[in-house]
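Here are my notes on this model, written up as numbered points. Have the structure open while you read.

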Amino acid sequence: MSQEQLSIKLNIGGRVYPLTISMDEEEAMRKAAHDINEKIRAYESQYAVRDKQDLLAMCALEFALDRAASLKEMESRDLELDQQLDRSKKVLNDYLETI
């Protein structure tokens, strides 16, 4: 294990997962595990589901849907920026043709 690597144990859904990660990933990993456990607790309090596998699947589905929505939003913004750049290029080209 190099100096930049760190061994941690994350508790996710009542199970401990030993991981070796880079030191700069630790905060994000711990936050991700925390967020998953919070979602599990929320599902446990809202629904009569007690099987951790089912709860983890529901969490995975929700996180995947959130990510897909974020990607779609980013693609929409990228398309809008591309259109704005195209308009700017046209205006600039039109101007340069007049001089």
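**Notes on the model**

1. Starting with helix α2: its 47 residues reach 69 Å from the first C-alpha to the last, close to the 69 Å expected at 1.5 Å a residue. That expected span is 1.5 Å times one less than the number of residues. Helices here are DSSP runs of H or I with at least four residues, strands are E runs of at least two, and both are numbered from the N terminus.

2. Before going further, some ground rules: this is a predicted model, with local features needing pLDDT of at least 70 and side-chain atom pairs counting only at pLDDT 80 or more, while totals for chains, interfaces and linings use all residues. Residues are numbered from 1 along each chain as its sequence is written, and side-chain values use heavy atoms, with hydrogens and water left out.

3. What caps the N-terminal end of α2? D51 does, with a side-chain oxygen 2.7 Å from the backbone nitrogen of Q53. A polar contact is a pair of N or O atoms within 3.5 Å; within protein, one must be able to donate a hydrogen and the other to accept it, and residues adjacent in sequence count only if both atoms are side-chain atoms.

4. Now the helix pair. The axes of α1 (residues 26-46) and α2 (residues 52-98) come within 9 Å of each other and cross at roughly 115°. On the α1 side the contact is made by D35, I36, K39, I40, Y43 and E44, and on the α2 side by K52, L55, L56, M58, C59, E62 and F63. Sorted by class, that gives eight nonpolar, no polar and five charged residues. Contact means heavy atoms within 4.5 Å. As for the axes, they are lines fitted to C-alpha atoms, for helices over the stretch in contact, with angles running from 0 to 180 degrees between N-to-C directions.

5. A57 is also in helix α2. Its relative accessibility is 45%, so A57 counts as partly exposed; the scheme is buried under 20% relative accessible area, exposed over 50% and partly exposed in between (1.4 Å probe, protein chains only). From A57 to E44, 13 residues apart along the chain, the C-alpha separation is 13 Å.

6. Leaving aside neighbours within four places in sequence, N37 is in contact with N11, I12 and G13.

7. N11 belongs to strand β1 (residues 5-12), and at 41% relative accessibility N11 is partly exposed.

8. Next, S22 in strand β2. S22 is buried, with a relative accessible area of 18%. A 2.5 Å polar contact joins the side chains of S22 and D24. Not counting residues up to four places away in sequence, S22 touches E4 and Q5.

9. Last one: E25 sits in the loop between β2 (15-22) and α1. At 35% relative accessibility, E25 is partly exposed. The C-alpha atoms of E25 and L92, 67 residues apart along the chain, are separated by 44 Å.

Note on methods. Ala, Val, Leu, Ile, Met, Phe, Trp, Tyr, Cys and Pro count as nonpolar, Asp, Glu, Lys and Arg as charged, and the others, Gly among them, as polar.
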